[in-house]
Structure formats: C-alpha cells, structure tokens
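Student: I have a model open and would like to go through it with you. Could we take it topic by topic?

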Amino acid sequence: MDFLALLELFGSGVWGTVKLFTVTLVGSLVLGTILAAMRVSPTPVLRIAASAYINIVRNTPLTLVMFFCAFGLPFLDIRFGDSSSFNSFVYATLALTAYTACFVAETLKAGIATIPVGQAEAARAIGLTFNQTLTQVILPQAFRTVIPPLGSVIIAMLKNTSIASAFNNRELISAMRNAIELRGDLVIPILFGTAVAYLILALILGRIFSYLERKLVILR
C-alpha cells in the first residue's frame, strides 16, 4: 500500500469519526437538555426518573453501554435497517448519546443553579409557566454560563468515539488498525498519525468553544 492509499484510508477514518461525533453531539445535547429540565422539574416523578437514569448510566463503563446497544438491542430484535454497517453506526451513536447526555445534563444543571432565583420568581410573577420560564429565561442563560465545562464534555465525547471501532464502525481507530495490518513496517508513523488526527480535531473543537466563550459566556 502506497502513501496516497494510506492517506485515503485515514481520510475515510476521519470522516467516519466526524459523522459519529456530529450525530452524537446533536443527540446528547437534546437528551442532556431534557434530562436537565427533568432534574429541576417541580414534578417529583420526573426528578426521580432523570436522577436514576443519570446515576445508573453515568456510573456504567461506556464499553458496557456500547456492548448493550451493539448486542443487546439486536437480541431484542431492535434494528434500524438491513445494512449491518448502518445498524452498527446507529447502535454506536445511541450508546454514545445515552452516555454523554448524562454529563451534559449535570453540566447544565450546574449552570441552572447559577441563575438567580429572582429571575424565575419574576417570570412566574408575569404569568409564565414553568416550561416557558425554563426555555425562555433559564436555559438560554445556563447554556451561556457553562460553555467552558460543556466544551470539555464534548471534547471527551470526541475521544470516546474511538470505542465504536470495536463494534464494526469505520472511524479513526479502525482505519489505524487496517493500516497497521497492511503496512506493519510503519507502525510508529501510523500511531503517530492517528494521535495527530485526534489532536487536530480536539484543537478545532477547543478553538470553537474558546470563541463561543469569549462571545457568549456570562460571568458571575
């Protein structure tokens, strides 16, 4: 395998990682926001359910969560099409989303706690419901407050996508393994190249969140 073929192999791995990361990012932000809202809900059942979910999933190894989605869901005959590669991709994103959403929710909950109580009281005084107060007053400020720690959670999620390679997903680690199998004489350069690829992706995310922090963060 020549150098250009290796680059093409790594390019497909980077693209696979980016796709996995993007879908998981959207899913974890949506689910994490819902869980955070449930954690501060005035309804005890919602608070208990969200707390139980977060404590169970967050304290379970991600590999085990991935095993459950990759093998448990097919055992329960839960599939998303006839393509095995597509199913593997969906199972991986479900596992990463379910796991990362717990940390997103806890980060958002900490941000909600920084919002002065008087703002919620003022919102209720003008007739806003709990949902309106949360979505229009509290959550917008909470997101802006927790941009730095939320960035750390998202960057950690990027690196966690590497676990998906063990479950028939094409991403950077699987591309690295294939490259080593084809060119065993280039083990060190391949390992170094994989580390550099993750470093570049993480640095790009870091710059994005640094920009958002300068533009949007609320200092308290």
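Student: What percentage of the residues of the protein chain count as buried?
Tutor: This is a predicted model, and 40% of the 220 residues of the protein chain count as buried.

Student: And how many helices and strands are there?
Tutor: The protein chain has 9 helices and 0 strands. Read from the N terminus, the elements run α-α-α-α-α-α-α-α-α.

Student: What does the C-alpha trace span along its principal axes?
Tutor: The C-alpha trace of the protein chain spans about 70 × 45 × 25 Å along those axes.

Student: Among contacts between residues at least 6 apart in sequence, what percentage join residues at least 24 apart?
Tutor: For the protein chain that figure is 77%.

Student: Let us turn to helix packing. At what angle do α1 and α9 pack?
Tutor: Helix α1, residues 3–39, and helix α9, residues 187–216, pack at an angle of about 35°. Their axes are 12 Å apart, and α1 passes α9 in a right-handed crossing.

Student: Which residues make that contact?
Tutor: On the α1 side they are Phe10, Val14, Thr17, Val18 and Phe21. On the α9 side they are Ile190, Gly193, Thr194, Ala197, Tyr198, Leu201 and Leu205. By class, the contact of α1 with α9 has 9 nonpolar residues, 3 polar and no charged.

Student: What about α3 and α4: what are their angle and axis separation?
Tutor: The angle between α3 and α4 is about 140°, and their axes lie 9 Å apart. The two helices are therefore oblique to each other. Their crossing is right-handed.

Student: Which residues meet there?
Tutor: From α3, the residues are Leu62, Val65, Met66, Cys69, Ala70, Leu73 and Pro74. They meet Tyr91, Ala92, Leu94, Ala95, Leu96 and Tyr99 in α4. The contact of α3 with α4 comprises 13 nonpolar residues, with no polar and no charged ones.

Student: Cys69 is on that list. How many disulfides does the structure hold?
Tutor: The structure holds 0 disulfides.

Student: I would like to look at the loop between α3 and α4 next. What is the phi of Asp77?
Tutor: Phi of Asp77 is near 65°, a positive value in a residue other than glycine. Most residues other than glycine have a negative phi. Asp77 lies in the loop between α3, residues 62–75, and α4, residues 84–113.

Student: Is Asp77 buried or exposed?
Tutor: Asp77 is exposed, since its relative accessible area is 58% and the cut-off for exposed is over 50%.

Student: Where is Arg79, and what is it in contact with?
Tutor: Arg79 is in the loop between α3 and α4, and it counts as partly exposed, at 48% relative accessibility. Leaving aside neighbours within four places in sequence, Arg79 is in contact with Pro74, Asn87 and Tyr91. Arg79 and Tyr91 are 12 residues apart along the chain, and their C-alpha atoms are separated by 8.9 Å.

Student: Back to α4 for a moment. Is Thr100 buried or exposed?
Tutor: Thr100, which is found in helix α4, counts as buried at 3% relative accessibility. Apart from neighbours within four places in sequence, Thr100 is in contact with Ser28, Val153 and Met157.

Student: One last pair. At roughly what angle do α6 and α7 cross?
Tutor: Helix α6, residues 130–145, and helix α7, residues 147–160, cross at roughly 70°, and their axes come within 5 Å. That angle makes α6 roughly perpendicular to α7.

Student: Which residues meet there?
Tutor: Phe143, Arg144 and Thr145 in α6 meet Ile147, Pro148 and Leu150 in α7. By class, the contact of α6 with α7 has 4 nonpolar residues, 1 polar and 1 charged.

Terms used:
Residues are numbered from 1 along each chain as its sequence is written. This is a predicted model: local features need pLDDT of at least 70, side-chain atom pairs count only at pLDDT 80 or more; totals for chains, interfaces and linings use all residues. Side-chain values use heavy atoms; hydrogens and water are left out. Helices (H or I, at least four residues) and strands (E, at least two) are DSSP runs, numbered from the N terminus. Buried means under 20% relative accessible area, exposed over 50%, partly exposed in between (1.4 Å probe, protein chains only). A disulfide is a pair of cysteine sulfur atoms within 2.5 Å. Axes are lines fitted to C-alpha atoms, for helices over the stretch in contact, and angles run from 0 to 180 degrees between N-to-C directions. A crossing is left-handed if the near helix is turned anticlockwise from the far one by less than a right angle, and right-handed if clockwise. Contact means heavy atoms within 4.5 Å. Ala, Val, Leu, Ile, Met, Phe, Trp, Tyr, Cys and Pro count as nonpolar, Asp, Glu, Lys and Arg as charged, and the others, Gly among them, as polar. Angles under 35 degrees count as roughly parallel, over 145 as roughly antiparallel, 65 to 115 as roughly perpendicular and the rest as oblique.
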